[in-house]
Structure formats: structure tokens, C-alpha cells
Amino acid sequence: MGSFILRRLLYTFITLIGISILSWVIIIQAPGSPIALTLDPKVSPKIIAQMEKNYDLDKPIYQQYFLWLKKLFTGKLYSFKDGRPVLEKIGERIWNTLLLNLVSILIIFSLAIPLGIFSAKRQYSFLDNLGTFGAYLGISIPSFWLAYLLILATVKLFGYPVLGMRSFVTEDFTTVEIVLDRLWHLMLPSIILAIHGMAGLSRYTRSSMLEVIRQDYIRTAKAKGLPEETVYYKHALRNALLPIITLFGFLIPGLIGGSIIMETVFAWPGIGRLAYQAVLARDYPVVMTINTITAVLVLIGNFIADILYGIVDPRIRYQ
Amino acid sequence: MKVPSERKDLLRIKTILFISPILFLILLGINIVFVGSRPPQKVNQLVISSIGDASFLNPILAQDSASSEINGLVFNGLIKYDRDLQGFVGELAESWKVEEGPEPVITFFLRKDALWHDGKGFTAHDVKFTYDKIMDEKTNTVRRSSYELVKKAEVLDPYTFRVTYKQPFSPGLESWGIGIIPKHLLEKEDINTTSFNRRPIGTGPFRFLEWVTDEKIVVEANPRYFNGKPHLDRIIYRIIPEAALNEMEILTRGIDYSGVFPFEFRRMSQVPFLKTYSQPGLGYTYIGYNFKNDLFQDKRVRLAFTHAINRKEIVQYVLYGLGEVATGPFPNHLWYANPHVKPIPYDPQKARRLLAEAGWKDTDGDGILDREGKPFRFNLITNSGNDTRRDVGVLVQRQLHEIGIDVKFELYEWSVFLKNFINARHFDACILGWGLSVDPDAYEIWHSSQIEKGFNFISYKNLETDRLWEEGRREYDVEKRKQIYWRIHELMAEDQPYTFLYVPLGISGLQKKFVLVEESPSDQKIYKPIKMETAGLMYDLIKWTVPKEIVWEK
């Protein structure tokens, strides 16, 4: 296992360098410039050229790439858009995105797995069919549309603002109220983010469960007279959850990969919005750094998924 | 013995599985109860919505409107436009004098009672520092163009600042309205990356309090402001990135003041606690004809197009009636727009006649005009992502088709549009808009010297207007400038290098609870309604307030 991990780490590192070079080339080659995004007659072409020089945009692409790397590791990488250190900009938003995604993932797992088990247990019953219908609905409804509807309904019902991470005036709030206010603002976006994932995961659990209960050893367990419940929740469930545990590995990049649409709709100050605005403004340092961080997380996620497979499923061995 | 433990195990698994949905529902319930008991807001404040976050709270670096708006509250220029946008009034300069000549000199006499928000006194050294920083090539500012004709800038004494120009340049005066930044705080900093840009210290009526990224920016009243402490306690800019939800926030009173889109205007004007305001914007939308294309060299063709395009219909359907038909290169409501120039009427008959005079007739009966066997066909382009321009293009395409012109209408992503078409001068006609500064000088857009590298991308050349644009920027006398720009307006309307389409109205909504407060000699407060000034609704912002009895309302 040790040599396997070492080898995987090496591949991961090489892949990472490849990804960063490729995305750098793509980003730089995209039309547009971070300077003078609008046609402003009061900004002469001479000044635009000077600013391009200040941002090193007049240098060859490969030099710009190494400059970016150097600045990233010496902490001197600044955003074009507001002159702030890129890592600081990402750092202050990453927790917001993390919080939102963590809560929605909690909702997904805590609701979807019981739902899937329940559906499998009563296959083709009315409730199972209802679950299937709900899952397809959840997958096919565009989340931004649902978000609008839910926001409208909430505002109409309670007349209390739902946008943003918190109410914008909280000075006269007690600590308890501040916490509740944060929770209130978390509620809608996390539920909506969760709906899609829930629909998928409950189906996944259901089919995995159904597959397992058709196995021979389940029949054996039943035949030797074990109570139905024990067979179901102890023997079948454990095996059915194997593939789901490995899903955790793939969740890692999803944790910080902000959702542009949800963050915009709910005015949530997260990574997705930052990345989107940076792309629009051709803020190369920010776009590149977010790309790289996401790539690192995807690679780590894959890596962890691989390891998890080995740990939870004794049938898999690494050479 | 084995069976009970099995049961316990089972119970544990079941509990884990099913407790989380129940916990979730309980949390939801607590939240909903909490929402019912929310406390009322108790502050005399103005909440403004902004679609984007600010970038630099530093007037010499800021380019976006969100930053500029906040900088306008935190910083002062030497001078600013008066409420009619005609002349200037002093801000940090108490008075100033302009000595005309081949090398004009402007001397500013500064206020002695202006303080930075950190308590230090403001002096002419700060002005010089601001100027030097703008001119420093290492500073990433786009403002430098306006100061390129400055020969020298000097501090005569701590309260006198003098600028000498290389040649007469009247639009230069406007550029001294830029916010002045403090020398003592920025001297040793890298202006492009300093943390000052996020925690600004200025001299303005409001001082910076807090900036929560992508959420809000808060400024509070500056008690030592030289023109008196503002009546509002604070102003909060909330960042709402989505227009549809902005409307909802207005309706739940989460926002007091906001820009309003034309399509929202009807709904907004029916909200009982909201007052809507409108005013022509500083800019216009147009169709520019590329003069490098032979099709558009003939004035009769351009005139015919303007006759054939029903601009009233465009304003009515695309802008929901919230715009004015443009008559020339200036916004209709300002002093330099010639009121005698009337809009060219919609007259497709006349358009056909003019085209026939220019030799364009439908000889083969296919419904498309032709000349020497070539049909009248061209590409009209604009940028994607702007729905208004897209709709305008579709209407224009149809209207021109009615007089027998075949228009192909295409949309391109903004940066591709700029690089491959506009800057490459490679297009037939384009729909675009100009946002202008208050000063009428548009030399960069119209002078023939700007064809090669400037903003005259339609390659328009007219010796008479060239001369007038030159004259206009050399003249300091407002009355004489007016004559010059009125003449330009006439000539342009006649020549139609663009089809000037419309000047959109800027619309905003403000809660009715805000009023202007004025103190009478007997120390009594007199409340007046807030009204739209030519210089904008917020011209008298420091006098805005919410009267006490309303402040406490839930």
C-alpha cells in the first residue's frame, strides 16, 4: 500500500502541473483584457498599454506563467480588480462556501439515505413510487427557478429577508438571535442545493440496497431464521453503503466549488461568485488560483476515494 | 443473551438513520418561530442596493460605479459641479481663478478647515500628492489621460495650489473634481495594493466604517465635516447581485434606495411607500455607420436610414417609454444640447425618396433595393449580453427591411466584438452607446485625428466639426462654448454620421420616509420633499433624514 500511495502522489503532482499549464494557456488565449473593459473615450490607448506593462501582460505567455507561480508562492500575487492579495480574497470566501456546502451535504446524507432504504424496503409501494416521482422532479426542476419560487413564498409568508448570509443590521441582536439569524439565512440556499443531491443519492441508495438484498447471503440469512429487520439493517445495509462511503472522496472538491447560480441568487458571498466575476473581469491571477485550488482538491478527492475503497472493501487490494 | 444485544444494535442503527430528519425539522421550526419575533430597526440610515461589490475605495484607482459612488461620499474633490451641471462650486477649494492665455494657469485657494477623518489637517501637499500619484506610471490608473496637458502642478503655500497647462484645455477643469487622497497615509505605501484601498480615509461627509466582502459597505456621518454633519447616521450599500431579487428586497423594505429597470417601473410606481424618480442619463445609444464602407459615404443614405427607423417605437417598446429620442451627440437636457435641433421624424416615404436619389432602386422586384446590380445588404453588429441593444437591433432590422434594405444582424461576445470588429474597424454598422462625462468635449469620439487609434472608429471626417471640437476645448467661457456646441449639434444632426437613437432615462426608487431637512433661523427643523436635481437625486444627501416619528416605525 505504501508504494502505491507514493506512486499515486507522484502522478497527482504531474497531473497538477499539466492542469495548471493548460488552464493558463486557455485563460490567456481567451479574447479580452483585464484593462479597459468598457469603451471609455477618456481612457487613451497609451494608458492601456502602460497598464498592460504594469501587469506584465506584455511578456510572453510562458514568462507570465512562471511569474504567476513565483508570485503565488511568495505571497505577492495580487488581484487585478482590486489590488488585494489573491489568497486573502479566496480565504475570506472559502469559509462561506464551505459552510453552505457542508450544511447541504449534511441534509443530503441525513435525508437521502433513510429515504433510499425506506424505498427499497417497500419496493413498488405507493410511497416508493412517490419517492421515485419526487426524485425525478428534484433532478429535473431547474434549481434557480425553484429558488425564486421559494424566496418569493418565504418573503410573502414571513416578510423577513432571506438574501445574504445574515441580516445586514445585527447590532441590537443577542448572541442567540445572531445564531438563529445565520441559520435562517442558511436554510433556503442549503435546502435548494440539497434537493438535487438528495434526489440522486436516494435513488443510488435504493438501487444499491435492492441489489444487495437479492444476494445469496441475504437469502441464507433469511433462511436461517434471522428477523427481517436484522437482515435488513445489519447485513444488507452495511454492504449497500460501501459504494456510498467512497462518494465522500468525491465530495471534497464539491465542498469548496461554489455554486455560481445559487450564490448569485441568494447573494451569498462565496467562491463561485468570486470565480465568475474574476472570469468576466479577466482577473487572471484570481481565476488561475481558484482553478488550481479546485484541481488540487479534485485530485485529493480521487486519491482519498481510492484509499477508501481499499479500507472499506476487503476485496480490493493494491499492488 | 445474544438476542437483546442484536436488538440494541438494530435500535442504534435505526436511531442514527432516522434521528437526523427529525432534528432537521426541529431546527426549521425554531427558525420560523424566530422570524416571527424579529426586532424592529432603530437607526436613521439609508440602505442603497448595488449590483456589484466595490473594487477600490480610492478615487484615483476606481473604475466601477459602485466604488465611485462610495468614494464620492468619503472623499472630496477640489471642486464639483453645481446642481444644474453648468458651472462649478468649491469643495476643498474655497475659490479658484483661471488665467487664460497660451499657457493657462488655474490657481486653487483651499479651505483651511478641512480635516482628514483621522484628524490631520488637509493641505495643498495632499493635492500635489494626488496629482503625482495619478501621473506616476507605476500607478494602475486610467485617469491619467485627463491630466496629460498639465505642464506643471505646484504648491504655492499650504493652502494654495497652482496648475499650469501646456495649452488651453477647458475640459481639464472637470478633472480637479477627482477625490483627493491623504499624503501622510499613502506616502510610504504601494498605492496599487495598499490596505488603504479597503479602509479609506478621506475628507468627505461620510467616513468609512466597514466593508464585508460581497455583502455590504457601511459609512457613517462625519461629525467634523466642513459643511456640517450629515443628518443621516449612516449609509449602507448592500450588494444584491440579482436584479429580480433586488425588487423583492425593495418590497420587503430591506432596501431604501435603488436603481429601477424600465420593466420594473410600472410595478414600482404603484408601491405605496416608494417614490420613483427619473431623469435623462448622461449618454445615448446609436447606430454607427462605418465610413470606410462605400455604402455609407453618401449622406442621403444615412439620412434615409434615420427617417426609416421609428425611434419612438423603439423607445416605447424596448424602453417601455422610458427614454427620449436623441437628436445629436449630447444628452437632451444639458446646456450644450441645442434645443432648436428637432428630432428627424419617422418618414419611410422620404427615406425611399432619398435612397432613390442616391441611385438605390428595386430594379429586379425582389423587394431589396439595388444599384448597378448590387443589392443593398449590410451587417449590423452589437455585443451580446445587452438585451436592450439586441431588441433595438431586431426592430431596426425589420424597419429597414420595410424600405428595402437587407440587414444581417449579429451579436458577438463583448471582448471579441471590441477586438475583432470595433478596434479592427472591421464592420458595416454597429449599435453601441456612449456614457459621457458632464463636460461636452467629445474630441476623442469625433475628431478625425482619432480615426487611427482613438474612439472615432466609424472613421468620420468633417473639417468643420473638427475645427469646432478643437475650438470648444480651448474656450473657457461657458457662453462661447455653448455657441460652439450648439453649432456642432446642428451640423451633426444634418450629417447623421450616427443614427442617434435615444437617451435612456435613469430611474430610481426611494422610500417616502426620507426628507430634506433644513434648519430655520429659529433652530426649527423644516422638512421638505426630496426632489430630482439635474446633478442627480443625491446632490443634497447630507441634508437627508428620516423624521423622528418615522424612525421608530417597525
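Colleague: In which sense do strand β21 and β23 of chain B pair, and over how many bridges?

Modeller: In this predicted model, W544(B) in β23(B) is the bridge partner of L516(B), which gives one place to look for the pairing. Strand β21(B) covers residues 515-519, and its pairing with β23(B) is antiparallel, over two bridges.

Colleague: In the open sheet of four strands in chain B, which strands are left without a neighbour on one side?

Modeller: The order in this sheet is β4-β5-β7-β6, and the pairing is antiparallel. A strand at the edge has a single partner strand, so one side of it is left without a neighbour in the sheet, and this applies to residues 93-99 and 150-157 of chain B, that is, to β4 and β6.

Colleague: Which residue in β5(B) does V98(B) stand opposite?

Modeller: β4(B) and strand β5(B), residues 105-110, run antiparallel and are joined by six bridges. On average, neighbouring strands of this sheet are turned by 15° against each other, direction ignored. The residue in β5(B) that stands opposite V98(B) is I106(B).

Colleague: Which helix lies across β5, β6 and β7 of chain B?

Modeller: The helix covers residues 124-135 of chain B and runs at about 160° to β6(B). The helix that lies across these strands is α3(B).

Colleague: How are α13(B) and α14(B) oriented to each other, roughly parallel or roughly antiparallel?

Modeller: Helix α13(B), residues 463-474, and helix α14(B), residues 478-495, pack at an angle of about 155°, with their axes 10 Å apart. Angles over 145 degrees count as roughly antiparallel, so α13(B) is, relative to α14(B), roughly antiparallel.

Colleague: How many charged residues does the contact of α13(B) with α14(B) have?

Modeller: The contact brings together residues of α13(B), including E464(B) and E471(B), and residues of α14(B), including R481(B) and R487(B). By class, seven residues are nonpolar and two are polar, while the number that are charged is four.

Colleague: Is the crossing of α7(A) and α9(A) left-handed or right-handed?

Modeller: Helix α7(A), residues 175-213, packs against helix α9(A), residues 228-240, at an angle of about 125°, with the axes 9 Å apart, and the two helices are therefore oblique to each other. The crossing of α7(A) and α9(A) is right-handed.

Colleague: Which helix supplies the largest share of the side of chain A that touches chain B?

Modeller: Between the chains, 52 residues of chain A are in contact with 58 residues of chain B. Several helices of chain A each supply at least two residues of this side, among them α2, α4 and α6. The largest share is eight residues, and it comes from α4(A).

Note on methods: Residues numbered from 1 in each chain as written. Chains lettered and ligands numbered in written order. Predicted model: local features only at pLDDT ≥ 70, side-chain atom pairs only at ≥ 80, totals over all residues. Pairing = 2+ DSSP bridges. Axes fitted to C-alpha atoms, helices over the stretch in contact; angles between N-to-C directions. Parallel < 35°, antiparallel > 145°, perpendicular 65-115°, else oblique. Left-handed = near helix turned anticlockwise from the far one by under 90°. Contact = placed C-beta atoms within 7 Å. Nonpolar A, V, L, I, M, F, W, Y, C, P; charged D, E, K, R; others polar.
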